[in-house]
Amino acid sequence: QKTVLICPLNWGLGHATRDIPIVKRLRDAGCRVIIATEAPLSTIFQESFPEIETYYFSGPKIRYHKSGSLLFKLLLQMPQMFFWLLKERQVTKHLVKKYNPYCIISDNRYGVRHKDVHSIIITHQLMIKLPGLIHWLEKPLHLFVKRLIQAFDECWVPDNPMPNSLAGDLVHKYPLPKNAKLIGPISRFMDDGDNGIVI
């Protein structure tokens with residue numbers, strides 16, 4: 001029985017709901033699925049799959065302020081993001097030692113990969129939109145994100161090709177990373193039989 005480790009980032013319920021069809025397909029194929037995340041995402045998985053195994057895996061807490069420059073305050077939190085990138089790598093090493101997975105699927109966690117385990121990242125944010133005066137930083141930031149993504153064996157992008165894209169520039173403004181493939185939109189309300197997911 002192959003073990004697959006799925007690690008969604010706790011930045012909105014969409015990261016859990018789009019992973020539910022993937023969990024279902026893996027379980028139907030006879031895989032042992034371990035979900036490593038935190039509440040409320042872990043609760044959603046347990047409600048959908050009561051017998052599923054979970055592991056507490058916290059993530060960064062981004063604060064959105066009601067006043068002042070949102071961008072400036074997000075930039076102040078960048079050191080925390082780099083800290084979490086390193087922490088994710090350490091936690092992943094522990095999870096690999098504990099569960100010996102055949103595959104790791106990271107949903108938007110750029111540090112969740114392992115050199116000895118086939119590692120997949122799911123993301124639709126291949127570039128980050130920036131406003132006005134700092135618009136010029138989009139390209140270097142994209143190159144940094146692209147470098148993180150290309151460290152994975154595969155990148156699954158839940159979107160359609162142009163002109164039917166849902167994510168628009170977030171996916172298609174720049175050339176896709178060499179390890180990326182469009183798998184079509186996925187959610188708990190859709191049949192995943194027609195997308196490009198291959199385990």
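Arg 109 and Glu 88 form a salt bridge in which the closest N and O atoms are 3.2 Å apart. Arg 109 sits in the loop between strand 4 and strand 5 and Glu 88 in helix 5 (residues 78-99), so the bridge ties together parts that are 21 residues apart in sequence. Both Arg 109 and Glu 88 are buried. The model is predicted.

- Strand 5 (residues 118-122) and strand 6 (residues 154-157) run parallel and are joined by three bridges.
- Opposite Ile 120 stands Glu 154, a residue of strand 6.
- Strands of a sheet pair through backbone hydrogen bonds, in either a parallel or an antiparallel arrangement.

**Other salt bridges**

- Asp 107 and Arg 18 are both buried.
- Another salt bridge pairs Lys 173 with Glu 138, with the closest N and O atoms 2.9 Å apart.
- This pair links distant parts of the chain, 35 residues apart: Lys 173 is in the loop between helix 7 (169-172) and strand 7, and Glu 138 is in helix 6 (residues 138-149).
- Lys 173 counts as partly exposed because its relative accessibility is 33%, which lies between the limits of 20% for buried and 50% for exposed.
- Glu 138 is buried, with a relative accessible area of 1%.
- Side chains of opposite charge can pair when their charged atoms come close.

**Loop between strand 6 and helix 7**

- Ser 165 is found in the loop between strand 6 and helix 7.
- Ser 165 counts as buried because its relative accessibility is 16%, and the limit for buried is under 20%.
- Leaving aside residues up to four places away in sequence, Ser 165 touches Asp 159, Asn 160 and His 172.
- The side chains of Ser 165 and Asp 159 are joined by a polar contact of 2.6 Å.
- The side chain of Ser 165 also reaches the backbone nitrogen of Gly 168, at 2.8 Å.
- Between Ser 165 and Gly 184 the separation is 19 residues in sequence and 8.9 Å in space, C-alpha to C-alpha.

- Asn 108 is buried, its relative accessible area being 10%.
- The side chain of Asn 108 is joined to that of Thr 123 by a polar contact of 2.7 Å.

Methods
Residues are numbered from 1 along each chain as its sequence is written. This is a predicted model: local features need pLDDT of at least 70, side-chain atom pairs count only at pLDDT 80 or more; totals for chains, interfaces and linings use all residues. Side-chain values use heavy atoms; hydrogens and water are left out. Two strands pair if DSSP finds at least two bridges between them. Helices (H or I, at least four residues) and strands (E, at least two) are DSSP runs, numbered from the N terminus. Buried means under 20% relative accessible area, exposed over 50%, partly exposed in between (1.4 Å probe, protein chains only). A salt bridge is a side-chain nitrogen of Lys or Arg within 4 Å of a carboxyl oxygen of Asp or Glu. Contact means heavy atoms within 4.5 Å. A polar contact is a pair of N or O atoms within 3.5 Å; within protein, one must be able to donate a hydrogen and the other to accept it, and residues adjacent in sequence count only if both atoms are side-chain atoms.
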